[in-house]
Amino acid sequence: MSIFGATGLAGRLCPPPLLHITPRTVTSTTLFGCALLLAGIANLLSSLANSYATYCVYAAVVGLFSGMVFTLYSQSLKDVLGPTNLTAGLALSAPATSLGTLLGPPLAGWIYDLTGDYTNSFYFYGSCMAFAGLTTVFLDQCSLKCQASARNSTDKISNEQKVIAVRV
């Protein structure tokens, strides 16, 4: 657990410098989605951990990316909803997070009862995280392209209005 905790702390400290040195196309929401995706992939590969050293690597990777997810969660909500709606977004997302926390252990137990192996629970959990990460990155990139397209249309219209004003 101390490996998970230490790398979780490192993961919580990583996002600000990463966002500072990356291009404008990497938003906090994209970084959030990538961290979710990589944590999900780590959980999907958890069955490869068959020695103490590989369990340590697994704990370090999951800790690092889980720490990043924790840090970027509220920033991503602010980016998506805007600062005025952040409080409402946090309030509405808390029950969804709690629902996952409430249903996760019984669901893992149910998967174990069906299959007789806990590895499948990690596969399910990792798949959910990876899917959420991919969806977040995809939707954020679509949103960025739509915003850029809207800006270009606005710039084009304002340039046409300037040309019309000059002609008059």
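A residue counts as buried when its relative accessible area is under 20%, as exposed when that area is over 50%, and as partly exposed in between. Leu-38, at 37% relative accessibility, therefore counts as partly exposed. The model described here is predicted, and its chain contains six helices and zero strands, following the pattern α-α-α-α-α-α when read along the sequence.

**Chain as a whole**

- Of the 168 residues in the chain, 26% are buried.
- The chain exposes about 11100 Å², and carbon and sulfur atoms supply 71% of that area.

**Aromatic pairs**

- A pair of aromatic rings is described by the distance of the centres and the angle of the planes.
- The count of aromatic pairs comes to two, and one of them joins Phe-32 and Tyr-73, which form a tilted pair with 6.2 Å from centre to centre and 50° between the planes.
- Because Phe-32 lies in helix H3 (residues 28–44) and Tyr-73 in helix H4 (residues 52–81), this pair ties together parts that are 41 residues apart in sequence.
- The two partners fall into separate accessibility classes, since Phe-32 counts as buried at 11% relative accessibility, whereas Tyr-73 counts as partly exposed at 29%.
- The rings of Tyr-112 and Tyr-118 have their centres 4.1 Å apart and their planes at 15°, so this pair is stacked, planes under 30 degrees apart being the cut-off for that class.
- Tyr-112 is partly exposed, with a relative accessible area of 30%, and Tyr-118 is also partly exposed, with a relative accessible area of 49%.

- Arg-12 lies over the face of Phe-70, at 3.9 Å from the ring centre.
- Thr-71, which is found in helix H4, touches Gly-11, Arg-12 and Pro-15 when residues up to four places away in sequence are not counted.
- With a relative accessibility of 26%, Thr-71 counts as partly exposed.
- Thr-71 and Phe-32 are 39 residues apart in sequence, while the distance between them in space is 8.6 Å, taken C-alpha to C-alpha.

- Tyr-58 lies in helix H4 and counts as buried, its relative accessibility being 19%.
- Leaving aside residues up to four places away in sequence, Tyr-58 touches Ala-42, Asn-43, Ser-46, Ala-49 and Phe-122.
- For one of these contacts, the C-alpha atoms of Tyr-58 and Ala-42 are separated by 6.7 Å, although the two residues are 16 residues apart along the chain.
- Ser-46 has its place in the loop between H3 and H4, where Ser-46 counts as buried at 11% relative accessibility.
- Under the exclusion of residues up to four places away in sequence, Ser-46 touches Tyr-58 and Phe-122, and Phe-122 is also listed among the residues that Tyr-58 touches.
- Cys-56 lies in helix H4 and is buried, with a relative accessible area of 17%.
- Cys-56 and Phe-4 are 52 residues apart in sequence, and their C-alpha atoms are 8.3 Å apart in space.

**Nonpolar surface patch**

- Leu-38, Ile-41, Leu-45 and Leu-48 make a nonpolar surface patch of about 350 Å².
- Leu-38, one of the patch residues, has its place in helix H3.
- Residues in such a patch need over 30% relative accessible area, and Leu-38 has 37% relative accessibility, so Leu-38 lies above this cut-off while still counting as partly exposed.

**Salt bridge**

- Side chains of opposite charge can pair when their charged atoms come close.
- The count of salt bridges comes to one, and Lys-78 forms a salt bridge with Asp-79, in which the closest N and O atoms are 3.8 Å apart.

Notes. Residues numbered from 1 in each chain as written. Predicted model: local features only at pLDDT ≥ 70, side-chain atom pairs only at ≥ 80, totals over all residues. Heavy atoms only, no water. Phe/Tyr/Trp six-rings, centres within 6.5 Å; stacked < 30°, edge-to-face > 60°. Helix = DSSP H or I, 4+ residues; strand = E, 2+ residues; numbered from the N terminus. Buried < 20%, exposed > 50% of the residue type's maximum accessible area, 1.4 Å probe, protein only. Lys NZ or Arg CZ within 6 Å of the ring centre and 35° of its normal. Patch = residues over 30% accessible without salt bridge, like charges linked within 9 Å, V, L, I, M, F, W, Y side chains within 5 Å. Areas by Shrake-Rupley, 256 points an atom, 1.4 Å probe, with all protein chains shown as cover. Salt bridge = Lys/Arg side-chain N within 4 Å of Asp/Glu carboxyl O. Contact = heavy atoms within 4.5 Å.
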